[in-house]
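Please look through the sequence and the model below. The paragraphs that follow take up its features in turn.

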Amino acid sequence: MEGERGFTHSFPTIPLPGLVVFPHVITPLLIGRQRSLKALEEALSSDQLVFLVTQRNPLTPEPGEGDVFKVGVLAEVMRPTRMPDGNVQVLVEARLRARLIRFVREEPFILAQVELLREPKDEVDPSDLETQARMRTARQQFEKLVQQSRTIPPEVLLTVANISSPGRLADTIASYLEIKFEEKQRLLEIIDHKERLEMVTKILAQELQIIEIEREIENRVREGVGESQKEFILRERLKAIQEELGERDAFAAEIDELRKRIERAKMPKEAHQVALKEVERLAKMSPLTPEATVIRTYLDWLLSLPWNKCTQDNIDIERARQILDEDHYGLKDVKERVLEFLAVRKLSRETKGPILCFIGPPGVGKTSVGQSIARAMRRKFIRISLGGVRDEAEIRGHRRTYVGALPGRIIQAMRTVGVKNPVFMLDEIDKLGVDFRGDPAAALLEALDPEQNHAFSDHYIEVPFDLSKVMFILTGNVTHTIPPALLDRLEIIHFPGYTEYEKLMIARHFLIPKGLKSHGLKPSHVSFTNEAIKTIIRNYTQEAGVRNLERMLASIFRKVAVKVAKGITKPIRVTTKRVEGFLGPRRYLFGRAEEEDEIATATALAWTEAGGDVLFVEVLLNEGNGQVLLTGQLGDVMQESAYIAVSYARSIARRLGIDARFFEKTDIHIHVPAGAIQKDGPSAGIAMLIALTSALTGIPVRRDVGMTGEITLRGKLLPVGGIREKTLAAHRAGLKEVILPKENEKDVRDLPKEVMQGLTFHYCRAVEEVLKIALSRPLPQEALQRPSIIVREQIQRMAEGVA
């Protein structure tokens with residue numbers, strides 16, 4: 001409700017965090033902010049009132065005009081006292097309400113222009129019985145509140161009893177109410193004293209009701225505690241009577257059973273002692289208490305762990321080789337390394353061998369190789385996925401003090417598998433996260449270190465558990481996201497991507513028989529030609545593994561199953577022509593190489609987490625002022641490669657017949673398509689230089705040539721990684737020739753024969769060698785000189801220009 005408007009004036013202003021001051025009430029304040037101290041000094045020195053207004057957010061350190069409410073009070077400052085810490089304690093007595101118009105200034109203190117709010121006449125008409133009744137009700141309610149409150153001094157009742165005006169009574173009571181400051185601010189903003197008194201009466205009634213409910217809750221709790229004590233005494237008496245009669249209750253029988261289980265568990269000495277101690281604690285308390293439930297759960301976990309249960313190893317190398325060949329096609333190097341590992345375990349069983357870590361693209365058989373190792377060793381297999389785990393407690397467990405605490409995933413898995421020497425696979429190790437709850441990778445160090453894991457400590461179990469007989473195998477897609485301390489404990493085995501021929505054999509010997517069985521079909525229902533499988537591989541999948549290939553075959557099996565379910569028993573033969581009818585339009589174009597030689601476009605070979613891929617580097621020259629534009633979500637390293645390519649191209653520009661001032665008037669735009677995918681790394685540097693040289697000379701780049709390699713400012717070609725994946729990508733894309741750095745020649749020796757036969761490799765040491773191969777026409781001979789010669793000539797020209 002609006003009050004009668006008064007005159008406006010400017011006053012020093014002090015914002016109050018979380019405090020509302022009411023008129024006619026003396027309130028103590030502790031002032032510590034510099035602007036507020038200066039406003040206080042100004043008010044005292046000029047003998048004027050100060051404007052007190054409440055902040056909307058008490059945590060705002062230096063509030064502005066928008067951070068305070070519009071209605072406050074004008075108050076007189078009394079008895080300022082400076083404290084030892086520099087703050088000032090004062091008493092203020094608010095005189096009247098005022099409305100904030102604006103902040104005139106905010107430094108060195110806040111000076112605010114305010115409008116005085118004239119309130120209605122605050123007197124009680126003798127004929128106004130309703131107001132008199134409200135005042136009496138408010139006094140009675142406040143008296144009850146003071147009697148039941150521990151914070152409101154009883155002396156206040158005398159002050160309230162002597163107040164005869166309704167507005168002042170409402171303000172005085174409101175100042176003592178323990179309610180939120182927002183509610184007090186709403187009371188302050190009500191100008192009409194009858195309305196304000198009515199709202200105070202309602203708040204008093206609510207506060208009294210809350211106090212009554214609190215008292216009821218306290219009484220119920222006190223009665224509950226009394227009942228628990230009474231029950232405990234009765235149970236103790238009952239136990240004594242049963243012992244006299246030779247009878248035992250169910251709880252005592254449970255305690256005896258727990259003691260027997262502890263003896264049968266044959267736990268280590270430390271765990272045995274802890275278990276007995278917990279049983280004795282349980283026996284001395286009521287079985288219905290929450291603590292008894294916690295102890296029962298803990299003992300159940302402790303007794304269900306495989307402290308001394310093992311399976312007998314039976315390592316037969318030939319049988320292991322047979323199992324690996326049955327379960328996986330190809331992976332020759334991986335199988336040999338696994339067999340070497342098993343042979344060492346057979347000959348030296350006590351040797352603390354390395355922790356194997358399988359790294360490779362998705363779908364190449366990392367998890368299934370782990371299962372095959374377990375079969376070969378006749379051990380049980382257990383797997384947990386660590387992808388997205390960010391909490392250390394997921395590995396080590398929560399302490400028992402927390403409600404709902406459980407052991408970590410390692411102890412949970414050991415309980416599930418039931419033996420202490422399983423093959424334990426930790427999947428997706430490269431996708432562990434880190435946040436404020438700890439580092440799960442650091443918690444894994446103890447479990448994986450052969451020198452420490454004989455006494456692995458879980459926060460919930462709180463006794464050492466022996467993990468030394470567990471054979472841990474880790475899997476991941478990349479190694480650069482694995483913490484160095486953890487990576488140092490691992491022996492990395494790289495899983496390469498499959499070639500087209502390997503995928504064909506996997507589909508023929510593994511995926512199709514598996515799919516027929518899972519879909520309830522027989523070989524007589526559907527068959528595939530080799531060309532049809534190749535079509536699916538080439539035009540419906542684009543991956544290093546075989547997961548999407550398995551999905552495409554499953555899609556065909558489902559359509560065949562529908563026909564068989566309808567009673568159509570005619571055998572279906574899937575040929576190349578019928579593939580599109582089953583799977584729809586082709587999703588990928590096999591042989592993604594360009595259809596013809598193009599100017600300013602080069603084919604780069606890239607490595608990704610899913611295997612290898614082919615990228616096209618495009619260059620466009622526009623009139624401008626010499627800027628270099630890079631697009632396609634290129635990372636920092638890839639951008640640096642682009643700048644090196646531009647610098648080298650400028651160094652040979654004169655020999656290409658290009659005026660040096662050409663670059664000052666031309667913008668160079670380098671783009672790598674698939675802009676939604678982030679790209680990085682130095683291996684596209686040579687492709688950028690070839691595309692740029694082609695754009696400058698107008699000579700097309702050969703469409704059937706792919707290339708990879710890092711370039712330097714001196715024109716040297718440096719080695720890069722991921723050669724196997726990149727050459728497989730070139731083979732899939734239908735390229736005929738591949739340009740590699742000379743030092744990567746050793747990485748090509750282990751490539752499959754079908755890939756070696758389908759590609760011609762060029763091993764180059766310098767950029768000029770690549771230019772001779774990649775461009776469809778030769779450059780001028782002087783442009784192909786050694787970089788050192790070009791640099792010397794540039795220095796000579798610069799010296800001549802200075803002279």
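A salt bridge is counted when a side-chain nitrogen of Lys or Arg lies within 4 Å of a carboxyl oxygen of Asp or Glu. The model is a predicted one, and it holds 39 salt bridges by that rule. In one of them, the side chains of Arg296 and Glu254 come together with an N to O distance of 2.7 Å. This pair joins distant parts of the chain, since Arg296 belongs to helix H9 (residues 290-304) and Glu254 to helix H7 (residues 250-265), 42 residues apart. Arg296 has a relative accessible area of 25% and is therefore partly exposed. Glu254 is partly exposed as well, at 27%.

Another such pair is Glu394 and Arg409, whose side chains form a salt bridge of 3.0 Å, N to O. Glu394 counts as partly exposed because its relative accessibility is 32%. For Arg409 the relative accessible area is 28%, so Arg409 is also partly exposed.

Arg95 has a relative accessible area of 36% and is partly exposed. Salt bridges can also be joined into a network, as they are for Glu278, Arg281, Glu291, Arg400 and Glu462.

Other charged residues gather in patches on the surface. One patch is negative and consists of Glu595, Glu596, Glu598 and Glu618. Of its members, Glu595 is placed in the loop between helix H20 (576-583) and strand E14 (601-608). Glu595 has 77% relative accessibility and so counts as exposed. A positive surface patch is made up of Lys563, Lys566, Lys570 and Arg578. Lys563 is part of helix H19. With 32% relative accessibility, Lys563 counts as partly exposed.

The next topic is what lies under the surface. Which residues of helix H18 (residues 530-540) are buried? They are Ala532, Ile533, Thr535, Ile536, Ile537, Asn539 and Tyr540. These buried residues pack against several elements: helix H17 (500-518), strand E12 (526-528), helix H19 (547-565), strand E13 (572-574) and helix H20. Helix H19, one of these packing partners, is also the helix that holds Lys563 of the positive patch.

Why is helix H25 (residues 767-774) described as largely enclosed by the rest of the structure? The reason is that 6 of its 8 residues are buried. The buried residues of H25 are Val767, Glu768, Val770, Leu771, Ile773 and Ala774.

Some details of the backbone remain. The peptide bond that runs from Glu107 to Pro108 is cis, with omega near 0°. Pro108 sits in the loop between strand E5 (88-105) and strand E6 (110-118). Asp47, a residue other than glycine, has a positive phi, near 55°. Its loop runs between helix H1 (34-45) and strand E3 (50-54). Asp47 has a relative accessible area of 72% and is therefore exposed.

Arg378 likewise has a positive phi near 55° without being glycine. Arg378 is found in the loop between helix H12 (366-377) and strand E8 (381-385). At 39% relative accessibility, Arg378 counts as partly exposed.

One more loop residue is Asp488, which is placed between helix H16 (484-487) and strand E11 (490-494). Its relative accessible area is 65%, so Asp488 is exposed. Along the chain, Asp488 and Val637 are 149 residues apart, and their C-alpha atoms are separated by 26 Å.

Note on methods
Residues are numbered from 1 along each chain as its sequence is written. This is a predicted model: local features need pLDDT of at least 70, side-chain atom pairs count only at pLDDT 80 or more; totals for chains, interfaces and linings use all residues. Side-chain values use heavy atoms; hydrogens and water are left out. Patches are made of residues with over 30% relative accessible area and no salt bridge: like charges are joined within 9 Å, nonpolar side chains (Val, Leu, Ile, Met, Phe, Trp, Tyr) within 5 Å. Accessible areas come from the Shrake-Rupley method with a 1.4 Å probe; for residues, only the protein chains shown count as cover. Lys and Arg count as positive and Asp and Glu as negative; His and the chain ends are not counted. The place of a charge is taken as NZ of Lys, CZ of Arg, CG of Asp or CD of Glu. Helices (H or I, at least four residues) and strands (E, at least two) are DSSP runs, numbered from the N terminus. Buried means under 20% relative accessible area, exposed over 50%, partly exposed in between (1.4 Å probe, protein chains only). Contact means heavy atoms within 4.5 Å.
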